[in-house]
Amino acid sequence: MGKALIIGCGGVASVAIHKCCQNSEVFEEICIASRTKSKCDALKEKLEGTTKTKIHTAKVDADKVDELIALINEFKPDVVLNLALPYQDLTIMDACLATKTHYVDTANYEPEDTAKFEYKWQWAYRDRFKEAGITALLGSGFDPGVTSVFSAYALKHEFDEINYIDILDCNGGDHGYPFATNFNPEINIREVSANGSYWEDGHWVETKPMEIKREYDFEGVGKKDMYLLHHEEIESLALNIPGIKRIRFFMTFGQSYLTHLKCLENVGMTSIEPIMYEGKEIIPLQFLKAVLPDPASLGPRTVGKTNIGCIFQGKKDGKDKTYYLYNICDHQECYKEVGSQAVSYTTGVPAMIGAMLVMNGTWQKPGVYNMEEFDPDPFMDALNKWGLPWKESHNPVLVD
Ligand code: NDP
């Protein structure tokens, strides 16, 4: 079918690349490009001989538009799958525009010096992508991504109107470290140490970090404390789900994680303000990232399951209705299959699916779109096929 350029070679990219190689009818050729080319070469070496996909590697600094354009012109991919960090979203979108190449990512743009993620920077590209005749698919991970597709599916098949969505992200995995993050530590800590917020009656309601706490009994995991966070899919779902009254996002955290995080915050280690250290400017959070375990190294040690999904409340044929869509994923099963834990797996699989649907034309539409703006059915089928089967309940326990 075609060629994909994958930018980044970290935890999420590694899973997406394994999945592209399992799907070599669609991904005939891929190029893995990152700052550290040796990581791309190591992955290529591991996968070659196990797949029909032809694998190329390249070195690229995705902060530099001219380097990206040169690489795209040389490899001529049908789609660019951005699995680097949110800071690179706009430079990669600029390179896609210059070369008229489709674009897919998993996280919305965030300027490096302000921990504030929102879609306005990427939505500002809508007209230019439309004029160029190319598709940008934003947020093709699990949350955002699968949670957005779940919402579109619920609206299409189960409801006339959805009024409430609670997105529940539970990681019941245990890696045995007192403190480690399951994906890029810098991005993860910026997300969880920011103020929380949810959407209600047409506006944002802001909370202090971890101010709202609930307990939920997750299938496959058991009872867990979960905390309300701001999360990027709330912003687009608030626009795209007609009749919506409230959207909240909860994530589970263990007490050890929270105690360590509080301590690190109290001593200033999570700050993104530069400080001088022995004559050199450093950012405390980036230094912290360097001393924490690499998320990619957690795979062999992590046991337990994730359970991520959405609880919907709304109306069908004039009657009140509730509905829960979720996926349960086992850390060790993921490790056995692709050598990564479930947090990378649950993001990397939808990244491959999003790139596939754009590449094969199923989800092509010139412009910049969030996941819930496309027909959810092909994506839902692909989740079942490619390792993230979903479950449903018509009588879920609700979150108060
Ligand atoms: P990692 O830190 O493991 O990997 C990031 C990769 O990007 C590394 O290979 C890194 O290269 C590369 N990179 C960073 N900067 C540049 C640059 N300037 N040019 C080229 N390559 C660069 O992160 P994850 O795999 O954990 O996360 C990847 C993305 O997935 C993030 O944007 C994250 O927010 C998102 N994500 C989305 C989720 C969802 O459900 N939607 C869930 C989890 C993550 P090097 O090794 O050389 O530094």
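Me: Which helix gives the largest share of the shell around the ligand?

Reply: Helix H1 (residues 11-22) does, with three residues. Helices here are DSSP runs of H or I of at least four residues, numbered from the N terminus. This is a predicted model: local features need pLDDT of at least 70, side-chain atom pairs count only at pLDDT 80 or more, and totals for chains, interfaces and linings use all residues. Residues are numbered from 1 along each chain as its sequence is written.

Me: How many residues surround the ligand, and which are the closest?

Reply: A residue counts as near a molecule if its C-beta atom, placed from the backbone, lies within 6 Å of it. Here 34 residues surround the ligand, and the closest are Gly8, Gly10, Thr36, Ala62 and Gly141.

Me: How is a pair of packed helices read?

Reply: Two packed helices are described by the angle between their axes and the distance between the axes. Axes are lines fitted to C-alpha atoms, for helices over the stretch in contact, and angles run from 0 to 180 degrees between N-to-C directions. Helix H7 (residues 146-157) packs on helix H14 (residues 376-385) at about 120°, with the axes 9 Å apart. That makes H7 oblique to H14; angles under 35 degrees count as roughly parallel, over 145 as roughly antiparallel, 65 to 115 as roughly perpendicular and the rest as oblique.

Technical notes. Helix = DSSP H or I, 4+ residues; strand = E, 2+ residues; numbered from the N terminus.
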